[in-house]
Amino acid sequence: MSDQPIVEVRDLRKTFSVKHAGGVSTLHALSGVNFEIMRGETLGLVGESGSGKTTAGRILVGLVPAGSGSVRLFGHDITGADGKVQLAKVRTRLQFVFQDPYASLNPRMRIGSAIAEPLDIAGGLSRKDRNDRVAELLDLVGLPKTSIDRYPHEFSGGQRQRIVIARALALNPEFVVCDEPVSALDVSMQAQIVNLLLDLQDRLGLSYLFIAHDLAVVRAVSTRVAVMYAGSIVETAPKSQIYSDPQHPYSRALLDAVPRADPDYVRHPVVSGEVPSLLDPPPGCSFHPRCPFAFERCRVEVPILKESGPDRRVACHLFA
Amino acid sequence: MAVPLLSIRNLTVQFRVDTGWVTAIDDVSLDVGTGDCVGVVGESGSGKSVTALSVLQLHDRVTTRMPSGSILYQGDDLLRAKGSTMRRIRGSEIAMIFQDPMSSLNPVLTVADQISETLRQHQGLTGAAARKRVIELLGLVRIPDAARRADDYPHRLSGGMRQRVMIAMAIACKPRLLIADEPTTALDVTIQAQILELLRDLRRELSMSVMLISHDLGVIAEFAQRVVVMYAGRVVEDAPVTQLFRRPVHPYTMGLIAAVPALDSDAPRLTTIAGRIPGPQEIIPGCRFSPRCALVLQGCREEPPSMQMVSDGQSARCPPRIQVLDVRHV
C-alpha cells in the first residue's frame, strides 16, 4: 500500500437550489466534508437519508459538480478550473455501481453488449479480444457464458447486480464507488454480492467507496468507516473501533438503533427526534437537538472533525 | 384450547397470468392468538404479503382465486363472509398498515380529514367530536404539537411522521388485530426504532394482537413472540422466537439466520445460501428449497414435505431434519 491516498476530499461543500411556492431555498447537502481513501482499502460511508453520502459519491465520479472545496483523484484535482480535463485523464480508472440493477441496465440490450459497451466506447480491441474479455468478465462475476445472448429481464436482482459489476470492471478500474449496491437485494442474495465484491478486491486490488445505510453490511466490507449526519462527517475510524467504541453520540445512537437478530438482545433507549431540515439546518452541531449530551457550546459552535486517537477523528465538542 | 383470534388454515392463493394460474401461496396455516405478536418472515416471493392481504381480502377478485383453505376470525370463516361483514371487519376489527405511508395517504386531504373518514364510517363521529378524537389519536402515536399537525397535508410530514399518521388511522377504531406489512422498511434506522417502540407500547395499551410481516430478522427478533418463516409460497417453520433463533430446524431458517451480516463481530466472508430464490412459475418437484439446500437428500426432490411437529410449539416442513433431531434427543 503506497502512502499517497488515491482519493483526497478536502472541505467539500455542495448546495442545491430548491424551488417551491414561496420562492427558492438553499439546501445544504454537504457542509465541509473531508476524507481520503488509500489504495486497496474500502471506506464505508454510512448515514441515514439526507446525510449527503450519495451526493459525496456522485461528486467523486464527476456526476455532480462540486460546490466548493477540492476532490483529488489519483493526484488530479477534478474540482479546479481545468477540472473536466483532469477528470478525463482519470476517467477510465474509476467506476460506479448503483443501488438498482434494474434501472442500470437497458432492458433491450443483450447482456454481452451491455458488458462490452465500455470496451466499445474506449475502442482499440479486435472483435475477438472484445468477446474474450466479455467472457472473462462474466466468469469473474460468476455468471455462465450463455448469459451473453440473454436480456436483463431473464435474470434475478442478484444476477443483474453481477452483470452491472462485470460492466463496471470492463476497463480495469482501480477505484469503484458502490452506492447501496446490495440494498435492493434479499438477505441471501446480499451475502453473495458482498462476498463477490470482497473477492474482486482481493484478486484485482480494487479500492472502494462503499455507501450504505446498513451498518452491518458496511462492517462486512469496510477497512475504515465514516459516519455522516446532515451533510457532515461526524466520525471516522478503523472499522473495528467504530463498532466497538463509537465516540460521536450520533454513531452510538445509530448503532443502538439497529435491531439485532437476537431475541435476548436488550436495546438501549432510542434516540428521539428526526434528522433536521437541510433547508434550515440548526446552528452549531447539527445533531445537538437530538443529542443527550448537548451543552451550550454545541448550540452555537459547529464542531470540527479532529484527531481523537490513532487514525480516528471525531467532530464533537465532548472530545475537544 | 381457546379459539385463536385469527386462524389461517391450509390456505392456497392463485393469481391469473397469461399462461394460466400460478400458485402464490400453498397450504399456508398460521394462528394469531389474542394478545399475540406473530412475525412472518421471508424473502421476496415468499408469499408473506399475499398471506396478509388475503386476511382482509384485498386482492383483485378477478385475477385471484383461493381454491382451498379458510381464514377463521374468532371462529368465523372470512372467506365465506358477506361483503357487508367484511366492510365492518376491515378497519374496526382488523386494521392494516403498509410499507409506504406516502402511497397509502391521500395527498389532497389533511391528516385530520383522513383520520375522520375512518371515525365517521365505523363510529359515526363527526364535527367537533371527530376532531377531538383525531387530536387524541395523534397524541397517542406521539406526534408533537398534534392540534397543529392535524391540519397539515401528508407532503408536509417526514416519512416517520406519515407512518405515525397511518398507525393513528389504523388504531382509530381500537382494532383487535393489527396487520403491519413491512411498516418500517422505508424508514431510517433511528426512526424505525422509534416506530417499533411505538407499536410495542400501543400493543400493550390497546391489548391488540399484531401480525408483523418483515424481511428483516432483526425486526422480527426484537418484536415478535412467535415467528412463521416462509419460503417460495410455503410455511417452512413456525416456532416461538427464542427457539427459532437458538434452535432453527429447517435448513432455510438456518441459512437465513446465518446470512445476516453481524453487527457485533467480524468475519472474513458472509455466509451465503447457494443458488437463487425461485420464481412463482418455476416448477420444483418435492421440497421447494431442495435445489439450494446443503442437507438435501434424494427423497427431498420427490415428495413434497409436510409440516411436522418438532417439539412443543415448534414445527417445520423438513421430515429428514426432524428425524435427525429426534434420534439425537433419544
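The model is predicted: local features require pLDDT of at least 70 and side-chain atom pairs count only at pLDDT 80 or more, while totals for chains, interfaces and linings use all residues. Residues are numbered from 1 along each chain as its sequence is written, and chains are lettered from A and ligands numbered from 1 in the order in which they are written.

Select residues 159-171 of chain B, which form helix H7 (helices, H or I, of at least four residues and strands, E, of at least two are DSSP runs, numbered from the N terminus). Helix H7 of chain B has 13 residues and spans 19 Å from first to last C-alpha, close to the expected 18 Å (1.5 Å times one less than the number of residues).

Next, colour H7(B) by burial: 12 of its 13 residues are buried (20 or more other C-beta atoms within 10 Å of the residue's own, with C-beta atoms placed from the backbone). Among them are B:Gly160, B:Arg162, B:Arg164 and B:Ile171. To view the cover of these buried residues, display elements of chain B including strand S6 (94-97), helix H4 (111-123) and helix H8 (189-205).

Now colour chain B by domain: domain 1 comprises 6-93 + 175-285 and domain 2 comprises 111-167, with bounds from an automatic or database domain assignment. Nine residues of domain 1 of chain B are in contact with eight of domain 2 of chain B (C-beta atoms, placed from the backbone, within 7 Å). On the domain 1 side, helix H2 (83-92) and H8 of chain B each supply at least two residues; H8(B) gives the most, with four.

Note on methods. Two residues are in contact if their C-beta atoms, placed from the backbone, lie within 7 Å.
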